Amino acid sequence: MYPLIQLPVPTRFLLALALLSVGFTTLLPAQNPLESQKERSQEGAQPPAHGGSGTAGVFPPVYDAAHRPITAGGSVKSGPIVFENIAVKAGLTTWHHQMGSPDKRFILETIGSGVALLDYDNDGWLDIYLVNGSTEPALSGKSPSPHAALFHNNHDGTFTDVTAKAGVANDRWGFGAAVADFDNDGWPDIYVTNFGKNRLYRNNHDGTFTDVADRAGVSLGNWSTGATWGDYDGDGKLDLFVPGYVHYDLKSQAESSDAIPLSFCQYRGVKVLCGPRGLPGEGDHLFHNNGDGTFADVSAKAGVADKSGYYGLSSVFVDVNGDGKLDLLVANDSTPNYLYINNGDGTFDDQSYPSGYALNKEGRETASMGIAVGDYRNNGLLDIFNTTFSDDYKPLYRNDGDANFTDVSYDTHIAELTIPFLGWGTAFLDYDNDGWKDLLEVNGHVYRNADANSWGTTWAQRPLLFHNSEGKRIEPVPAVEGTALADVLTSRGLAVGDLFNDGRMDAVINNIDATPSLFRNIDPNKNHWVAFRLIGGPKSPKDAIGATLYLTANGSRQRADIFSGGSYASTSDMRPHFGIGTATTVESLEVHWPSGLVEQFPVPAIDRFQTLTEGQGKPVPAK
């Protein structure tokens, strides 16, 4: 049986419920009309339970005008059309995700898998790698194993499944994919996290891959989730961080029993699967790249081993305090999040609580699933957005400088709508190329019986897209009937990128127990854009992971960072993309390379990709 672990008790609080959607109603008792929506929703909330997943309590169900739960409804007849789901036309629906049994009795069966965008054959077009799950019969050899899929981009809007030829089927119970050129040979490699041993697929430069995880020393075991690559010690070689979720044993999977309090296997008074609270956590691992194809586990020495046994789901190496060194973010499910600040000597300082990232503004840990990082205010500071469980708002952490964060979800008008949704993959992207980073979140519940109860939430849920109004308000884009934003999906992994090299950011979604989605960006805007491919020099990683770009156009200075991982167990397009609105010229472009070199590059043309090679720009003197 699973031993119980002592976790922090959430601070009790009250939270608002006022949905920013179109055509919906909330089923609340009659109230004084002078009361604010926030006061009414505070009265409706109940204290959270201490088992299962972290939430803000219990809220009244929310329905749209057609009496559909808002997670599957709330669509409108007309409005701006941003995305079209072209997965069928693109050829992606020949592949199907599968994870566990249909009834989802155990937590292992519900988490789902990620997706990665990478140009595996260096032809200049993004390809798609979709991670698959597995089943108990497959693990025991009683049935065929579900396979991951690598889809080659045919440059004409379609994709071809090349999994067998490439040798990347995985055939294990898969969760995440983190892409990086770990051996600095100019070709992207893929790290796949599993329940069981992980894989490190090294690119052979001929359309095939070889699993070198055992030789490299990074195969691990048990349950790994959303990994990230980054050169944390500045030696020019990419290191690997792998969070662990639950320490799990198939032979003694947890169901409601005398050994686990009923509250740990109950949601709103209904029996559900057990965990994660009440189950033992799996530790995190940091692997240092030795430069010879092997890695050394330096987790304890570096101070990132997760001695508290939190439930890690996603992670990302990124420089949050602007000192040129990669810091580390870890999104933990139903336990405090981690923010490790890089000390520059091979160790990290745990600043999770002092930074404000460990908890939300109510002083409560959240069930964090995914991470989006981006400078949504165009002030040079990276902000963070986390997706969380249903019955909780999704926190947006504003970077106030020097790695101090403030939860501004309600201030930016993003919080209320997200409460009934259970969020997974997420990313900042400028979908309309107006020069301001917007936000996309995909959703889906973990409790298979969500549809059978009047919780105001559903098993399959629609995605949420938020438009950024110059960094002041982040408002929902209406879900127009018949378009991708109105699709009701069982989403988990999300990766964004320019799949068609047309300057528009698209999205690929891995849906649990279903076929994937490909949201092609068809927004009718006429705005301009620029995007870049970076090649690192001898003192930087070849793929320039860890680089930061600052671009000025129309008098606005934007920031873009190159990172692997984030979202939920996924990797997005690592080619920095900038929308520049109506501007027809770029005033300046400054690249801060991982080596510490800072260079300025000319941008002679817009609406196209440009390759930037370290050492070929104009050096900027150190300040």
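This is a short tour of selected contacts in a predicted model.

**Stop 1: the disulfide**

Select Cys 265 and Cys 274. A disulfide joins these two residues, with 2.1 Å from S to S. A search of the whole structure finds one disulfide, so there is no second one to look for, given that the sulfur atoms must lie within 2.5 Å. Look along the S-S bond of Cys 265 and Cys 274: the angle about it is 105 degrees, and the link is right-handed. Are the two cysteines buried or exposed? Cys 265 is buried, with a relative accessible area of 0%. Cys 274 is buried too, at 3%. Both values count as buried because the limit is under 20%.

**Stop 2**

The whole structure holds 27 aromatic pairs by the search. Select Phe 182 and Phe 295, one of these pairs; its rings are tilted, with 5.9 Å centre to centre and 45 degrees between the planes. Where do the two residues lie? Phe 182 is in the loop between β8 (173-180) and β9 (189-195), and Phe 295 is in strand β17 (residues 295-297), so the pair ties together parts that are 113 residues apart in sequence. Phe 182 and Phe 295 are both buried.

Now select Trp 424 and Tyr 568. Their rings form an edge-to-face pair, with 5.1 Å between the centres and 70 degrees between the planes. Trp 424 belongs to strand β26 (residues 423-429), while Tyr 568 sits in the loop between β35 (556-561) and β36 (577-581); the pair therefore ties together parts that are 144 residues apart in sequence. Both Trp 424 and Tyr 568 are buried.

**Stop 3: a cluster of rings**

Select Trp 173, Phe 175, Phe 195, Trp 223, Tyr 245, Tyr 248 and Tyr 311 together. Ring pairs link these residues into a cluster.

**Stop 4: charges over rings**

Select Arg 520 and Phe 500. The charged end of Arg 520 sits over the ring of Phe 500, 3.8 Å from the ring centre. Then go to Arg 377, whose charged end sits over the ring of Tyr 376, 5.7 Å from its centre.

**Stop 5: an open sheet**

Switch to a cartoon view and find the strands in the order β35-β34-β37-β38-β40. These five strands form an open sheet with antiparallel pairing. Which strands stand at the edges? They are β35 and β40 (618-619); each has a single partner strand, so one side of each is left without a neighbour in the sheet.

Finish at β38 (residues 598-600), which two bridges join to β40 in an antiparallel run. Select Gln 600 and look across to β40: its bridge partner there is Lys 618.

Notes. Residues are numbered from 1 along each chain as its sequence is written. This is a predicted model: local features need pLDDT of at least 70, side-chain atom pairs count only at pLDDT 80 or more; totals for chains, interfaces and linings use all residues. Side-chain values use heavy atoms; hydrogens and water are left out. Buried means under 20% relative accessible area, exposed over 50%, partly exposed in between (1.4 Å probe, protein chains only). Rings of Phe, Tyr and Trp (its six-membered ring) pair if their centres lie within 6.5 Å; planes under 30 degrees apart count as stacked, over 60 as edge-to-face and the rest as tilted. Helices (H or I, at least four residues) and strands (E, at least two) are DSSP runs, numbered from the N terminus. A charge sits over a ring if NZ of Lys or CZ of Arg is within 6 Å of the ring centre and within 35 degrees of the ring normal. Two strands pair if DSSP finds at least two bridges between them.
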